[in-house]
Amino acid sequence: GDSLYKAMLSRGRTFAGTALTLRDEPAEPKIVHQEFNSFTPENAMKWESTEPSRNSFTFTDADRYAKYAKDNKLQIHCHTLVWHSQLPAWVANGGFDNKTLIAIMENHIKVLAARYKNVCTRWDVVNEALEEDGTYRKSVWYNTIGDAFLPIAFKFAAKYTDKKTKLFYNDYNLEYNGTKTDGAARIVKLVKSYGIKIDGVGYQAHLATEATPTSPGAAPNTSVLEAALRKTADLGVDVAYTEIDLRMNTPATAAKLAVQARFYESVAKSCLNVKRCVGMTVWGISDKYSWIPGVFAGEGAALVWDENYNKKPAYAGLLKGILKK
Ligand code: G3I
């Protein structure tokens with residue numbers, strides 16, 4: 001039958017993935033097996049989940065994902081090492097000086113990278129360091145260390161991960177080819193300017209199919225998406241869509257789902273049109289568990305399978321975008 005990852009491999013790309021939360025939902029492993037050769041742990045490898053207090057690591061949950069990947073021969077897009085969110089208060093509000101915070105960062109990266117050395121195909125090394133206008137987000141990382149926190153994080157990641165592991169910068173709203181996309185290009189150049197390894201940029205692609213209270217309008221068209229991908233790919237790094245979902249004002253209607261299918265096709269097509277776009281990950285399997293309705297009230301229906309695990313028109317759109325030349 002149809003398979004998203006087989007379609008991607010047939011076009012010379014390396015993965016189709018989903019965000020994964022292991023839960024008691026028998027439909028999910030079946031879909032993963034059929035459709036995906038990669039997953040991103042939705043929460044399990046984040047700082048608050050792995051180092052809730054200083055130098056005290058908890059890997060019970062994250063280890064389940066590493067085992068699931070091994071048992072099922074799946075890639076893991078490991079997520080994420082340095083981020084301002086889901087960062088425990090002991091780091092975010094600890095009042096550490098520059099030197100101490102760098103040491104804390106190094107220890108975290110070292111321990112995580114070592115534990116999952118053979119299971120992480122890619123790592124999101126730094127996540128969401130940019131404001132919408134492309135300037136740096138005023139996080140504890142930036143406020144304490146300055147923009148040097150980016151090359152420093154990549155330096156540690158390169159030091160402690162396997163040579164084969166691809167190191168990514170990951171962010172949302174890079175898809176519009178605007179000032180925030182320029183910011184991502186600036187980050188790639190900054191890291192490279194020190195001769196430090198950075199392999200890719202993840203375009204999260206949390207987009208909408210129409211104007212919603214939290215989106216000024218529908219997702220960009222294929223040519224804008226493509227130009228946005230090229231802005232960093234042209235600097236000599238891989239690019240990927242890492243957290244795709246296309247939300248709408250709910251409830252969904254047949255007409256809205258048809259529009260959504262065209263947007264999924266367009267996102268896929270933009271990736272296939274860019275040689276260095278290595279893969280795509282959707283941010284979850286079923287609308288039943290998507291993060292969107294809980295955070296953006298009145299919005300949702302953003303994924304490719306509905307609440308009952310039936311394929312939505314989006315599935316055919318996605319496949320068409322991958323396969324159509
Ligand atoms: O595990 C606790 C549970 O014990 C508690 O009872 C419950 C009550 O709220 O919360 C549970 O934690 C939640 C966690 O997901 C696991 O379900 C958190 O509240 C909730 O905030 C968290 O949301 C995650 C969100 O990141 C946090 O920022 C979403 O699942 C996850 O999909 C989302 O993913 C992010 C990416 O990492 C980065 N890019 C944006 C993307 C969407 O926001």
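Leucine 174 touches Lys180, Thr181, Ala184, Tyr203 and Ala228, leaving aside residues up to four places away in sequence; contact here requires C-beta atoms, placed from the backbone, within 7 Å of each other. This is a predicted model, in which local features need pLDDT of at least 70 and side-chain atom pairs count only at pLDDT 80 or more, while totals for chains, interfaces and linings use all residues. Residues are numbered from 1 along each chain as its sequence is written.

Where does leucine 174 lie? Its place is the loop between β5 (166-171) and α9 (179-193); helices (H or I, at least four residues) and strands (E, at least two) are DSSP runs, numbered from the N terminus. Leucine 174 counts as buried because it has 27 C-beta neighbours inside 10 Å. The cut-offs are 20 or more other C-beta atoms within 10 Å for buried, 12 or fewer for exposed, and partly exposed in between, with C-beta atoms placed from the backbone. Glutamate 132 is 42 residues from leucine 174 along the chain, with 9.0 Å between their C-alpha atoms.

Now let's turn to helix α13, which spans residues 313-323. Its buried residues are Ala314, Gly317, Leu318, Leu319, Gly321 and Ile322. An α-helix has 3.6 residues a turn, so residues three or four places apart point the same way. The buried residues of α13 pack against α1 (4-10) and α11 (254-272).

Finally, the ligand. Around it are Glu42, Asn43, Ser85, Gln86, Gln204, Glu243 and Trp291, each with its C-beta atom, placed from the backbone, within 6 Å of the ligand.

Terms used: Two residues are in contact if their C-beta atoms, placed from the backbone, lie within 7 Å.
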